[in-house]
Amino acid sequence: MKAKITITPKQAVLDPQGKAVQNALAHMGYNSISAVHVGKYLEIELTGADREAARKQIDDACHKILTNPVIEDYRFEIE
Amino acid sequence: MNFAVLQFPGSNCDQDVVHVLHNVLGHSATLLWHKEHSLGDADAVIIPGGFSYGDYLRTGAIARFSPVIEAVQAFAADGGLVLGICNGFQILCEAGLLPGALIRNRSLQFRCEHIFLKTVTTDSPFTNQVPADKLLRLPIAHGEGCYFADEETLAGLRANNQILWRYVNAQGEPTEAANPNGSLDGIAGICNQRRNVAGLMPHPERASEPVLGSADGRLVFESLIHALETRVAETAS
């Protein structure tokens, strides 16, 4: 199994990277873009076949170390 | 006094901190590898700057789970004094020993320059020797020093007098241009509610001798030493 995790900055947190990318896009003529958020993407390979156990483990790891709940949100899927 | 100076793979200000504590201020300072489970007989802990674990994942995120940080958690819970400088500040926030987080500088630039700091309160073991109206001129060197916390946390920091240092200009005014990283409220350093754990982004250890252009950083270490000596005197009496 594989966990695919997407981490994004929380709405309230300044995202200067997203802003810089947005400005660059606007500069290049992509003018229908209203916001850019730059986050992280992780793939974690898992052993075993118990999807529910895997889900629990990944959620726990996301909360404890893979993200900082003060500044980041996350979502993931198990495949 | 006996200082433990933590050392992670990627720490790079550890020797500077030991130099200031030992050679400049005449105290004992021992380097402690991140795999250690005990702080020994340390009176205080300094978590120095650098790029622990290459800043992988997030600054301080991996260092925060090292064995030595578990010992620091217990030490802090007992009231022990802990100071985190730059990456040390980031580690303390990740470890939950200080509130909030340090994120990418608003300018996206790595800023390496001297700044001015206003000491907001002298009521802490980290600021008690700073003269009330003295601005500290210290170097910064970071890409992720923008202090962030939610509104409620910020309100708590203000209400409990936990903001220790703010970025200001040479006249002592908290202008936007004087804030090198976009920190909320111009925050450069804070302490916890119990006032025994503090962190700051600027580097007092790089400005503790006149030959380096500023000796203002000494005041931070001298405050810590004063606080420790006061504790010893109180225990003895």
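Two strands are taken to pair if DSSP finds at least two bridges between them, and in the predicted model described here this criterion applies to strand β1 (residues 2–9) of chain A and β2(A), which run antiparallel and are joined by six bridges. Within this pairing, T6(A) has Y41(A) in β2(A) as its bridge partner. The two strands belong to an open sheet of three strands in chain A, which has the order β2-β1-β3 and antiparallel pairing. The edges of this sheet are formed by β2 (40–45) and β3 (72–78) of chain A, and each has a single partner strand, so that one side of each is left without a neighbour in the sheet. From one strand to the next, the twist averages 20 degrees. Helix α2 (residues 51–66) of chain A packs on the sheet and touches β1, β2 and β3 of chain A, its direction making about 160 degrees with that of β3(A).

Chain B contains five helices and eleven strands. Its C-alpha atoms fill a box of roughly 45 × 40 × 40 Å along the principal axes. For 237 residues, a compact globule would have a radius of gyration near 18 Å, and the 16 Å of chain B agrees with this. Of the 237 residues of chain B, 54% count as buried, and among the contacts in chain B with a separation of 6 or more, residues 24 or more positions apart account for 76%.

An open sheet of nine strands is found in chain B, with mixed pairing and the order β2-β1-β3-β4-β11-β10-β9-β6-β7. At its edges stand β2 (28–33) and β7 (135–142) of chain B, and since each has a single partner strand, one side of each is left without a neighbour in the sheet. The twist of this sheet averages 25 degrees from one strand to the next. Helix α1 (residues 14–24) of chain B lies across β1 (2–7), β2 and β3 of chain B, and runs at about 160 degrees to β2(B).

On one flank, strand β4 (residues 81–85) of chain B runs parallel to β11(B) and is joined to it by four bridges, with G84(B) standing opposite G199(B). On the other flank, strand β10 (residues 187–191) of chain B pairs with β11(B) in the antiparallel sense over three bridges; here I190(B) has G199(B) as its bridge partner, and C191(B) is partnered by A198(B). The strands β10(B) and β11(B) form a hairpin with five residues between them, and R195(B) in the turn has a positive phi of about 70 degrees. Along β11(B), V197(B) and G199(B) point one way, whereas A198(B) and L200(B) point the other way, and all are buried.

The largest nonpolar core has 77 residues, and those with the most contacts inside it are V5(B), V45(B), V82(B), L92(B), L117(B) and L224(B). Not counting residues up to four places away in sequence, V45(B) touches A4(B), L6(B), L39(B), V72(B), F75(B), G80(B) and V82(B). A second, separate core consists of six residues, including A3(A), I5(A), I7(A) and L66(A). In soluble globular proteins, nonpolar side chains tend to be buried together.

The contact between the chains takes 14 residues from chain B and ten residues from chain A. On the side of chain B that touches chain A, the elements that give two or more residues are β5 (101–103) and β8 (146–148) of chain B. By class, this side of chain B has seven nonpolar, two polar and five charged residues. A61(B), which lies in the loop between β3 (44–47) and α2 (67–77) of chain B, touches I65(A), N68(A) and E94(B), not counting residues up to four places away in sequence. A61(B) counts as buried because it has 20 C-beta neighbours inside 10 Å, the cut-off for a buried residue being 20 or more. The C-alpha atoms of A61(B) and E205(B), which are 144 residues apart along the chain, are separated by 23 Å.

Terms used. Residues are numbered from 1 along each chain as its sequence is written. Chains are lettered from A and ligands numbered from 1 in the order in which they are written. This is a predicted model: local features need pLDDT of at least 70, side-chain atom pairs count only at pLDDT 80 or more; totals for chains, interfaces and linings use all residues. A residue is buried if 20 or more other C-beta atoms lie within 10 Å of its own, exposed if 12 or fewer, and partly exposed in between; C-beta atoms are placed from the backbone. Two residues are in contact if their C-beta atoms, placed from the backbone, lie within 7 Å. Ala, Val, Leu, Ile, Met, Phe, Trp, Tyr, Cys and Pro count as nonpolar, Asp, Glu, Lys and Arg as charged, and the others, Gly among them, as polar. Axes are lines fitted to C-alpha atoms, for helices over the stretch in contact, and angles run from 0 to 180 degrees between N-to-C directions. The radius of gyration is taken over C-alpha atoms; the globule rule is 2.2 Å times the number of residues to the power 0.38. A nonpolar core is a set of buried Ala, Val, Leu, Ile, Met, Phe, Trp, Tyr and Cys residues joined through C-beta atoms within 7 Å.
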